[in-house]
Amino acid sequence: TDTIGDDFLLVRDCDLGRIRFDRRKNTTFQQNAALHAAPMRFISGSRQGRSDGGLYPVAKLPFVPSAQQDRHSRCMEIFGMQVAGLCRRLELLNCKAVIGVSGGLDSTLALLVAVEAMHRLGRPASEVCAVTMPCFGTTDRTYRNSMDLMQALGVSIREVNIRQAVDIHFRDIGHDPEVLDTTYENCQARERTQILMDYAGQVGGIVIGTGDLSELALGWCTYNGDHMSMYGVNGSIPKTLVRYLVAYEADRVQGELSDVLRDVLDTPVSPELLPPKDGEISQKTEDLVGPYELHDFFLYYMLRFGYPPRKIYRAARKTFAGVYDDATIKKWLTTFVRRFFTQQFKRSCLPDGPKVGTVTLSPRGDWRMPSDAVSALWLREAENL
């Protein structure tokens, strides 16, 4: 008050809806208010000119710290949580870890976690049984990266080409292999899961799931295929954060392993279930379901602070101005809402996995939602933006 005088007015844009939602989830606020009650004066005013928090700054990548130093320490902490959770499970069961390696981001992170877990348990990396299972959509680049990665980490390597098995399955169910539909894709995913599960029983291990939080939110996984495992180390990590965790490991290690990790980071995100074109990946996930940076933005502000579609849209328009136009944001927001509601049945039977942040979709303690929840109100609001 010595510099600005005794009388002054402080103006701040407060997101009251965000605060109310947070206090419904965190019940300690009420206890603290009773213990530390302070005199206060309520000042009423007209609604005219009031803000609903639209000026409140929001992060473009809410799951990723913006400062590089904070990002590195956060990545180290999260990676440590993944490793600690897997260590406990492996130690309890006294078993090996079996993991499918595709050469993509998610399986790369899961493999790094599994190897580090073995190191911390004082066991050799060879007790991580890595399996690569090329099929119709596998490209030379991802196959090479998967092999180089496994060799650099010193894990046990198994290659099982599933083309013939899938062709037999197509014949058994009467599916034309020239029809590149959902059945064509899901048969491959389920064949891979069957191999991993049976191989785990053969070597005395558990299957380590690789799917991430963003895929679970969108239901971008095959039910009882890559959707299922015995322990999912990436289940509470969104795709944008997976990328930074792999980049963190690429900076931390040296030599051939670092080179492979950087090439994995440069590879387009793809399930590789459709045949490649001219030797390159033809099925790019973000072309089909939308940019993961948008979906992770939608997911965070919907689950963490209860934003409805109109508020998510308004915040996204401001945050991604110059990156995506309004029509693009609306298109992928509507896609997100539709898929999030219709794919809950996949999340209702998820395997165990470590919780590393405030936003997760575990059906056991963090997200309870009926599988037949109706999305009509949310979709109507999104479509009318």
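These are legends for close-up views of a predicted model.

Local features were kept only at pLDDT of at least 70 and side-chain atom pairs only at pLDDT 80 or more, while totals for chains, interfaces and linings use all residues. Residues are numbered from 1 along each chain as its sequence is written, and side-chain values use heavy atoms, with hydrogens and water left out.

**View 1. An open sheet of five strands, with parallel pairing.** The strand order reads β3-β2-β1-β4-β5. Strands here are DSSP runs of E with at least two residues, helices are runs of H or I with at least four, and both are numbered from the N terminus. Two strands pair if DSSP finds at least two bridges between them. At the edges sit β3 (156–159) and β5, each pairing on one side only. Strands β1 (residues 96–100) and β4 (residues 205–209) pair in the parallel sense over three bridges; K96 has G205 of β4 as its bridge partner.

**View 2. Helices α3 and α4 against the sheet.** Helix α3 (residues 68–93) packs on the sheet and touches β1, β4 and β5; contact means heavy atoms within 4.5 Å. The direction of α3 makes about 160 degrees with that of β4. Angles run from 0 to 180 degrees between N-to-C directions, and axes are lines fitted to C-alpha atoms, for helices over the stretch in contact. Helix α4 (residues 105–120) lies across β1, β2 (128–132) and β4, and runs at about 165 degrees to β1.

**View 3. Helix α13 crossing helix α14.** The axes of α13 (residues 309–319) and α14 (residues 326–342) come within 10 Å and cross at roughly 140 degrees. That makes the pair oblique, the label left for angles that are not under 35 degrees (roughly parallel), over 145 (roughly antiparallel) or 65 to 115 (roughly perpendicular). From α13, the contact uses P309, I312, Y313, A316 and R317; from α14, it uses D326, I329, K330 and L333. By class, that's six nonpolar, no polar and three charged residues; Ala, Val, Leu, Ile, Met, Phe, Trp, Tyr, Cys and Pro count as nonpolar, Asp, Glu, Lys and Arg as charged, and the others, Gly among them, as polar.

**View 4. Positive phi at N224 and E272.** N224 isn't a glycine, yet its phi is near 60 degrees. N224 sits in the loop between α8 (213–218) and β5 (231–232), and its 45% relative accessibility makes it partly exposed. E272, also not a glycine, has a positive phi of about 50 degrees. Its loop runs between α10 (255–266) and α11 (285–289), and at 8% relative accessibility E272 counts as buried. Buried means under 20% relative accessible area, exposed over 50%, and partly exposed in between (1.4 Å probe, protein chains only).
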